[in-house]
Amino acid sequence: MNHEEIRITLRLPTNLHAWLVAQAKANRRSLNSEILHRIEGDYRATAADAESP
């Protein structure tokens, strides 16, 4: 699997940013890691739903 990195700029509403920062702190992750963790979890759930009958 190719693991190239692409940099993006993400604009978030202030309240969502604050919530993500709090979640990252609670989970002892960086903000980037928290965002990726949540995106990957949603991606896996979507892929699993697509595979189920």
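What percentage of the 53 residues in the protein chain is buried? In this predicted model, buried residues account for 8% of the chain. The secondary structure consists of 2 helices and 0 strands.

The overall dimensions come next. The radius of gyration of the protein chain is 14 Å, whereas a compact globule of 53 residues would have one near 10 Å. Along the principal axes, the C-alpha atoms occupy a box of roughly 40 × 25 × 20 Å. The chain has an accessible surface of about 5,200 Å². Carbon and sulfur atoms contribute 54% of that surface.

Among the contacts between charged side chains, 3 count as salt bridges.

Two of these contacts involve Glu-34. Its side chain meets that of Arg-29 in a salt bridge, with an N to O distance of 2.8 Å. Glu-34 also pairs with the side chain of Arg-38, again in a salt bridge of 2.8 Å from N to O. Glu-34 and Arg-38 both belong to helix α2, which covers residues 31-51. The two residues are 4 positions apart there, about one turn of the helix.

How accessible are the residues in these two pairs? Glu-34 has a relative accessible area of 0% and therefore counts as buried, the limit being under 20%. Arg-29 is partly exposed, with a relative accessibility of 29%. Arg-38, at 32%, is likewise classed as partly exposed.

The remaining pair to consider is Arg-44 and Glu-40. Their closest N and O atoms are 3.8 Å apart, and the contact qualifies as a salt bridge because the cut-off is within 4 Å. Which helix holds Arg-44 and Glu-40, and how many residues separate them? Both lie in helix α2, 4 residues apart, so about one helical turn separates them. Arg-44 has a relative accessibility of 54% and counts as exposed, while Glu-40, at 41%, counts as partly exposed.

Methods. Residues numbered from 1 in each chain as written. Predicted model: local features only at pLDDT ≥ 70, side-chain atom pairs only at ≥ 80, totals over all residues. Heavy atoms only, no water. Rg over C-alpha atoms; globule rule 2.2 N^0.38 Å. Buried < 20%, exposed > 50% of the residue type's maximum accessible area, 1.4 Å probe, protein only. Areas by Shrake-Rupley, 256 points an atom, 1.4 Å probe, with all protein chains shown as cover.
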